[in-house]
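Student: Could you show me how to read helix packing, strand pairing and a chain contact in a model like this one?

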Amino acid sequence: MPEPVISLDSVSKEFPTDPPVRALSDVSLMVDPADYLAIIGPSGSGKSTLLNVLGLLDKPSSGSYLLDGIETTELRDGERTKLRGSRIGFVFQSFHLLSHRSVAENVMLAEVYRSGAAKRERKGRRDRALRALDRVGLSHRVDFLPDRLSGGERQRAAIARALMGGPSLLLCDEPTGNLDSRNTDAVLDLFDDLRDQGLTIVVITHETEVSGRAKRRVRITDGILVEE
Amino acid sequence: MHLRDLLNEAMAGMLARPVRTALTTLGTVLGITTLVVTLGIAATAGNQIVGRFDELTATTITVEVPDDGKAVIEWDAIDQVTRLRGVTTAAAVAETKQSANLSVRSSKLVDPTRVTDQTLTVVAASPSLPQAVKGSMVEGRFFDQGHLTRKDKVVVVGEQAAKMLGITRLEGAPAVFIGKHAYTVIGILGAMKRERNLSTAVMVPPTIGRQFGLKDVTRVLINTSLGAADLIARQAPLALSPGNESLLQVISPQSPTRARDGVQNDVNSLFLILGLVSLVVGAVGIANVTLVTVMERVTEIGLRRSLGAARRHIAAQFLLESTLTGLTGGVIGASFGVVAIVAVSAAKQWTPVLDLRLAVVAPLAGAVVGLLAGLYPSLRAARMEPVDALR
């Protein structure tokens with residue numbers, strides 16, 4: 001059996017507000033390589049907190065989280081940042097493309113902070129970005145500024161950025177939230193292709209159309225995770 | 001993170017909002033321009049003041065021979081000094097305590113009614129004396145090498161001495177008696193700008209001076225071109241008396257550099273304060289705009305953190321952006337400053353004085369201002385939690 005990409009064991013997250021808020025409660029979750037998982041739930045259910053924990057943007061209060069077999073809860077801030085940069089590709093609802101940089105430059109940005117981005121790695125960076133853009137079908141838009149792209153194209157550019165460097169996990173937060181139905185379909189088709197190529201995808205969504213395309217669904221309600 | 005990547009990201013950040021960056025640099029531009037103009041104009045004007053008002057004192061050197069007899073300057077050593085680059089004229093003078101009180105009397109033929117017995121100073125001088133004292137002949141001529149060679153018994157009297165002796169015209173070759181011997185007066189020297197006491201003296205050729213005990217040179221008068229006095233003051237003793245140079249006493253003018261520094265200090269302090277105030281204002285401007293930029297770019301910071309940027313990468317990028325902004329302001333300010341100095345100098349027909357070090361120090365000062373101004377905003381950016389930044 002291959003090692004799971006994500007292994008959450010009894011993870012809880014509490015925020016020290018008054019009164020304290022328990023956003024995640026005893027969550028356990030295994031995601032294997034090439035899984036396509038949708039995490040669904042109403043707003044305020046703990047979806048975003050779970051995404052932040054999975055993306056190493058936030059630390060759980062208790063429990064353990066293994067990413068590619070690496071225990072992450074004991075890691076220092078800098079080590080978690082390195083792991084995040086090298087193993088996780090993020091796709092956000094509002095794309096987060098830098099408006100004054102070309103599509104290719106936005107994609108290349110993914111390699112800038114990679115640990116040991118030495119001369120050797122700088123070389124060929126643009127070629128790698130062009131290949132990533134080719135994978136998402138944006139070869140004809142490489143030198144465009146993001147403002148001149150359609151919503152679907154922007155999201156595909158953001159996906160190309162997430163694919164740079166071959167991450168273990170594509171973590172998507174409401175990836176179609178700002179897209180019309182035609183562009184939504186295009187992005188979901190792309191996710192299908194990427195999964196078929198062996199990429200592990202976790203999508204957080206409240207849209208049934210998106211969750212319906214995933215191979216596996218979990219529902220989170222009041223911080224409690226239930227497999228559907 | 002590669003240094004070139006960091007530089008690329010910082011440059012891209014700066015150029016993303018070119019108008020804002022240009023306005024932000026304005027404060028530094030003003031501050032650095034003021035500083036460069038202040039230092040440059042003060043140096044230029046200072047130099048000009050020295051040149052205009054102090055030309056006489058800044059170009060005269062007197063070398064005195066101590067009367068202990070240890071050092072000797074030969075009369076023909078004057079030629080060695082005159083050859084030095086920067087020396088315009090030089091003359092040797094011999095004068096002793098005895099020669100300062102000699103009885104001089106004009107011939108009764110000049111004016112039989114007048115009492116013409118005077119106690120005057122007699123000095124021996126080389127033929128170049130009129131030029132060395134910047135004087136001119138009121139009547140007649142000064143003695144020359146020919147008089148010396150022939151050992152002619154001739155004298156030149158100072159303008160005041162001539163009046164005291166009742167000599168007004170030289171037709172008829174009036175004579176004066178120094179002691180018992182008679183000498184023909186061939187000229188009256190006046191309008192001296194230095195050594196004005198020679199106006200009441202009787203000047204004799206060195207060959208005649210020996211008769212009054214004026215054997216050795218006691219004083220050498222040197223005039224230099226503007227700016228050469230310091231150098232000549234160091235070189236002259238060696239040229240005059242090789243081997244005894246340290247025994248000679250050189251009286252040189254106050255160094256022009258010191259005079260100029262004095263002028264500069266007065267002008268500078270006020271304008272330097274103005275320049276520094278402008279720089280502080282510029283720094284506050286950069287700090288403010290960088291802080292606003294950090295707040296505006298919160299999601300960008302979050303994105304970079306999600307892509308693997310460590311806190312130090314975020315801090316370094318914003319710090320470099322503000323430093324580059326300051327550096328740009330410094331470069332532009334230094335350029336404006338230099339242009340202003342040259343323009344003012346051209347308008348006033350002055351020689352612009354530009355310290356080359358300013359061309360390096362001024363932009364650096366701008367960069368340091370930017371660096372300091374960016375410290376707080378950069379730390380704010382680095383402290384941001386990625387979760388909060390992406391929310």
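This is a predicted model: local features need pLDDT of at least 70, side-chain atom pairs count only at pLDDT 80 or more; totals for chains, interfaces and linings use all residues.

Tutor: Two packed helices are described by the angle between their axes and the distance between the axes. In chain A, the axes of helix H6 (residues 151-163) and helix H7 (residues 181-196) come within 9 Å and cross at roughly 20°. Because angles under 35 degrees count as roughly parallel, H6(A) is roughly parallel to H7(A).

Student: Which residues of H6(A) and H7(A) meet, and what is the handedness of the crossing?

Tutor: The crossing of H6(A) and H7(A) is right-handed. From H6(A), the residues A:Gly151, A:Gly152, A:Gln155, A:Arg156 and A:Ile159 meet A:Asn183, A:Ala186, A:Val187 and A:Leu190 of H7(A). By class, this contact of H6(A) with H7(A) has 4 nonpolar, 4 polar and 1 charged residues.

Student: At what angle do helix H3 and helix H5 of chain A pack?

Tutor: Helix H3 (residues 103-112) and helix H5 (residues 125-135) of chain A pack at about 110°, and their axes are 9 Å apart. H3(A) and H5(A) are therefore roughly perpendicular to each other, and their crossing is right-handed. H3(A) contributes A:Val103, A:Ala104, A:Val107, A:Met108 and A:Glu111 to the contact, while H5(A) contributes A:Arg125, A:Arg126, A:Ala129, A:Leu130, A:Ala132 and A:Leu133. The residues in the contact of H3(A) with H5(A) comprise 8 nonpolar, no polar and 3 charged.

Student: Turning to sheets, in what order do the 4 strands of the open sheet in chain A lie?

Tutor: Strands of a sheet pair through backbone hydrogen bonds, either parallel or antiparallel. In chain A, the 4 strands of this open sheet follow the order E2-E1-E4-E5, with antiparallel pairing. Strand E2 (21-31) and strand E5 (70-71) of chain A stand at the edges with a single partner strand each, so one side of each has no neighbour in the sheet. Strand E1 (residues 6-15) of chain A pairs with E2(A) in the antiparallel sense over 7 bridges, and A:Glu14 stands opposite A:Arg22 in E2(A). Helix H1 (residues 47-54) of chain A lies across E1, E2 and strand E4 (62-67) of that chain, running at about 55° to E2(A).

Student: How should I read the two faces of a strand, and are the residues of E6(B) buried or exposed?

Tutor: In a regular strand the side chains alternate between the two faces of the sheet. Strand E6 (residues 154-158) of chain B is mostly covered, with 5 of its 5 residues buried. From E6(B), B:Val154, B:Val156 and B:Gly158 point one way, whereas B:Val155 and B:Val157 point the other way, and all are buried.

Student: How many bridges join E6(B) to E8 and to E9 of chain B?

Tutor: E6(B) pairs with strand E8 (residues 181-190) of chain B in the parallel sense over 5 bridges, and in this pairing B:Val155 stands opposite B:Val185. E6(B) and strand E9 (residues 201-204) of chain B run antiparallel and are joined by 2 bridges, with B:Val157 opposite B:Val202 in E9(B).

Student: How many residues does each of chain A and chain B give to the contact?

Tutor: Chain B gives 18 residues and chain A gives 23 residues. On the side of chain B that touches chain A, the elements giving two or more residues are helix H1 (3-16), helix H11 (298-306) and helix H14 (386-390) of chain B. H11(B) gives the most to that side, with 5 residues. By class, the side of chain B that touches chain A has 9 nonpolar, 5 polar and 4 charged residues.

Key. Residues are numbered from 1 along each chain as its sequence is written. Chains are lettered from A and ligands numbered from 1 in the order in which they are written. Axes are lines fitted to C-alpha atoms, for helices over the stretch in contact, and angles run from 0 to 180 degrees between N-to-C directions. Angles under 35 degrees count as roughly parallel, over 145 as roughly antiparallel, 65 to 115 as roughly perpendicular and the rest as oblique. A crossing is left-handed if the near helix is turned anticlockwise from the far one by less than a right angle, and right-handed if clockwise. Two residues are in contact if their C-beta atoms, placed from the backbone, lie within 7 Å. Ala, Val, Leu, Ile, Met, Phe, Trp, Tyr, Cys and Pro count as nonpolar, Asp, Glu, Lys and Arg as charged, and the others, Gly among them, as polar. A residue is buried if 20 or more other C-beta atoms lie within 10 Å of its own, exposed if 12 or fewer, and partly exposed in between; C-beta atoms are placed from the backbone. Two strands pair if DSSP finds at least two bridges between them.
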